[in-house]
Amino acid sequence: MTTQQLVSEIKKKKSFLCIGLDVDLNKIPQHLLKEEDPIFAFNKAIIDATHHLCVSYKPNTAFYEAYGIKGWKALEKTIQYLNNNYPNIFTIADAKRGDIGNTSTMYAKAFFEDLAFDSVTVAPYMGKDSVEPFLAFNDKHTIMLALTSNEGAFDFQTKQVENQELYKHVLETSKGWKNSQNLMYVVGATKAEYLAEIRQIIPDSFLLVPGVGAQGGNLQDVCTYGMNDQVGLLINSSRGIIYAGNGHDFAEKAAVQAESLQKQMEIILK
C-alpha cells in the first residue's frame with residue numbers, strides 16, 4: 001500500500017485508527033478456547049466487527065511467537081484473512097526487528113514477502129545498514145522506533161548527544177538513508193508535548209502513535225501537536241478495544257470502543 005492510498009482510506013473512513021491485535025489466551029473470552037484456533041477466531045471476530053472503523057491493524061508478533069508454531073500459524077491466517085477480505089487495510093507487523101544487513105534482509109523477506117504485511121516496526125540502534133534492507137522493498141513501509149511511551153525511554157532516547165537529544169539525532173540521521181521516503185516513525189502518545197519539535201524534523205512522515213487509551217495518552221493533544229496536512233498519524237489502541245468485553249458479545253463491545261475513537265477522529269478531521 002502506498003502512502004497516498006493510506007491517506008485516501010483515512011479520508012474515506014474519517015478515521016486514522018490502528019487496532020492492535022495483541023492476543024493473550026488468558027484474556028480472550030473463555031468460549032473461544034474450544035475453537036481449533038482460538039487466536040485466529042478471536043482476531044477474525046474483532047476484524048469483522050471493526051474493519052469499517054479503522055484503517056490499520058497491528059499484530060504484535062510477540063503475542064504469536066509466545067505460542068510457538070500454532071501462534072505463528074494464527075498470525076499467518078490473520079494476515080491472509082485481512083489481505084483477502086479487507087485489502088485496503090494497512091497492516092503492521094509490530095516486530096521491532098533490526099540486525100546486521102543480511103539478517104535484516106531475511107527479516108524483511110519474512111514479513112514483506114512471506115507474510116505480505118504492508119509494514120514492519122524496526123529498532124534503529126544498529127544504524128543504517130540494519131534499517132536500509134527493509135527500506136529496499138517497494139510500496140512497503142518501515143516504521144522506526146523514535147520516541148517510545150515506556151518508562152525506560154528516558155534511559156537513552158532523551159539523553160543529550162552533542163547538545164541534541166538522541167531521538168532527534170536518530171530522526172535527523174535517518175532522513176539521509178537510502179529510500180528514506182519509505183520510513184514512518186513510532187512516537188508514543190504519552191510524549192505528545194514532544195511532537196511539535198518532532199514535526200520540525202520530519203514534517204511529512206507518518207507517525208505511528210501507541211499509548212492512547214490504556215496507557216493514558218490524550219488523542220486531542222497528539223493531534224494538536226502531531227497532525228500534518230496529510231493527517232500523518234496512525235493512532236493505535238490495543239487493549240482498550242480488543243478486551244472491552246469478555247463474553248459472547250466481545251466483538252460488538254470492541255466495535256463500540258473503536259467507534260468512540262473513530263467519532264472523535266471524525267470531529268478532528270472536519
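Which residues in helix 2 meet which residues in helix 12? Before I answer, please keep in mind that this is a predicted model, in which local features need pLDDT of at least 70 and side-chain atom pairs count only at pLDDT 80 or more, while totals for chains, interfaces and linings use all residues. Residues are numbered from 1 along each chain as its sequence is written, and side-chain values use heavy atoms, with hydrogens and water left out.

Now to the answer: Phe42, Ala45, Ile46, Ala49 and Thr50 of helix 2 meet Phe250, Ala251, Ala254, Ala255 and Ala258 of helix 12, where contact means heavy atoms within 4.5 Å. Helices here are DSSP runs of H or I with at least four residues, numbered from the N terminus. Of the residues in this contact, nine are nonpolar, one is polar and none is charged, with Ala, Val, Leu, Ile, Met, Phe, Trp, Tyr, Cys and Pro counted as nonpolar, Asp, Glu, Lys and Arg as charged, and the others, Gly among them, as polar.

The axes of helix 2 and helix 12 come within 8 Å and cross at roughly 45 degrees; axes are lines fitted to C-alpha atoms over the stretch in contact, and angles run from 0 to 180 degrees between N-to-C directions.

Helix 2, residues 38–50, also packs with helix 4, residues 68–85, at an angle of about 25 degrees, with the axes 9 Å apart. On the helix 2 side, this contact includes Ile39, Phe40 and Asn43, and on the helix 4 side Gly71, Ala74 and Lys77 are among the residues involved. The residues of the contact of helix 2 with helix 4 divide into six nonpolar, three polar and three charged.

Note on methods: Helix = DSSP H or I, 4+ residues; strand = E, 2+ residues; numbered from the N terminus.
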